[in-house]
Every structure is written in C-alpha cells, then in structure tokens.
Amino acid sequence: MEHDSLENLKAFLEEELYLIPEDLRKLEEELQGAESPNQIPMLSPENTSLSSDPEAKEDTVDLEELKEEIKPDPIPVSGNFSKGILILHEESELGPEVLDMLVKMINACGHSMNEVGMISSENLENRSLEEFQALNAHVVLKFGRIKHPINAIPANPYEIYSEEETEYLFADALSVIAEDKPLKIKLWKSLQILFNLSSGTK
C-alpha cells in the first residue's frame, strides 16, 4: 500500500521525491495505525483526571469534615454576662459620661455592670444571627445603629418585644440619650416595664 501512495504522490510532484530512512519508518507507522484502528491507545483510569482512587475520595471527605469543624470564634462579650442581660451599643467605645449614665441605669434596674454583657456594633459586624443567638441572652438592650441581622427583629423603639425566651428593647444611641433628658425619661419608663420595677421617676 505504501508503494501505491508513493506512486500517487509522483503524479502530483514534478520533482523527484527522496525519503530518508527515519521518515520512511514514520510513514510506515502512520499507515499501519490508519489500517488498524484497534491500535489507537485508550486512556486508562490512571491517566484520567476522574480517578477512582479511594484514597483521593477519602482526602475530599476529610477536607469537608475539617471545614465543618473549623468554626469562627464566639462573639466577644465584655463583662461577666452572668444574668443573661446583653447591651449592644453603636459606639466603638463609651465615653466617661455615657458610661456613668449606663452604670446608674443598670444599678437602678437592680443589677450591676458585672452581671451584664456588652458588645459594640463593630464586634457584631459580619456575624450571623445564629452566632448571636448562641450567646443565649435573655434580655437584649440595643442602643443606636447596629450592623447586624438583629435589626430585622420587629421591635418598636422604646417598646418591649418578646420572642421565644428573649426580651428586646431597642432605643437611641447611648451617647444621644446621655444628652437628651426626655429620652432618658422615656428609656427609664421602658426599663421599668422590662424589669418589672415599681413606677416612679428617676
């Protein structure tokens, strides 16, 4: 067959055609490969990217298990948080006057600052509602704007809202309340209801 092919080539080429031994061998191999389709190499499972190696599958499972085990650190809470009372505040840090007002307010409610927990808005950023609920707060006092899904809770400002075993009270920022006497009175009235305190003015 290779002689027939060479004869055909001569009909098209006017100049003489010379093949060196290496080219002749290559030509023979190509012709034999075309005649014998069974000689086409098949991809073995080892050469494919979809390997059925059981060890490779185990590695994948291990990685998935590791991802489940690696959980973010709990939301940092300042204070002992022993009574389940959580204060969320807009400010990254509370000034002396604001902190003094907060201490007096908590004391008037029958608690001390050692018993409550405090979280600033920046420590709640990029945290899920599930992470927040894991803190297991019984009373949540939210002051000001907090960048967190807790804002979706349908609580009206200065009104107590209960959901399951948690009570919420949303109000203005502590720094705003500290400079506004009517807001102080409004907050105090709400706190009296929340903590079941006898009526009276602060």
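Mentor: A salt bridge here is a side-chain nitrogen of Lys or Arg within 4 Å of a carboxyl oxygen of Asp or Glu. Keep in mind that this is a predicted model, where local features need pLDDT of at least 70, side-chain atom pairs count only at 80 or more, and totals for chains, interfaces and linings use all residues. Residues are numbered from 1 along each chain as its sequence is written, and side-chain values use heavy atoms, leaving out hydrogens and water.

The whole structure has 2 salt bridges. In one, R127 pairs with E131, their closest N and O atoms 2.7 Å apart. R127 counts as buried at 18% relative accessibility, while E131, at 21%, is partly exposed (buried is under 20%, exposed over 50%, partly exposed in between, with a 1.4 Å probe and protein chains only).

The other takes us to our part, helix α4, residues 96-108 (helices are DSSP runs of H or I, at least four residues, numbered from the N terminus). There D100 bridges to K104, with 3.3 Å between the closest N and O atoms. The two sit 4 residues apart, so about one helical turn separates them. D100 is partly exposed, at 39%.

Now look across to helix α8, residues 181-194: the α4 and α8 axes are 11 Å apart, at about 30° (axes are lines fitted to C-alpha atoms over the stretch in contact, and angles run from 0 to 180 degrees between N-to-C directions). So α4 is roughly parallel to α8, meaning an angle under 35 degrees. M101, M105 and A108 of α4 touch K184, L187, W188 and L191 of α8, with contact meaning heavy atoms within 4.5 Å.

Technical notes: Angles under 35 degrees count as roughly parallel, over 145 as roughly antiparallel, 65 to 115 as roughly perpendicular and the rest as oblique.
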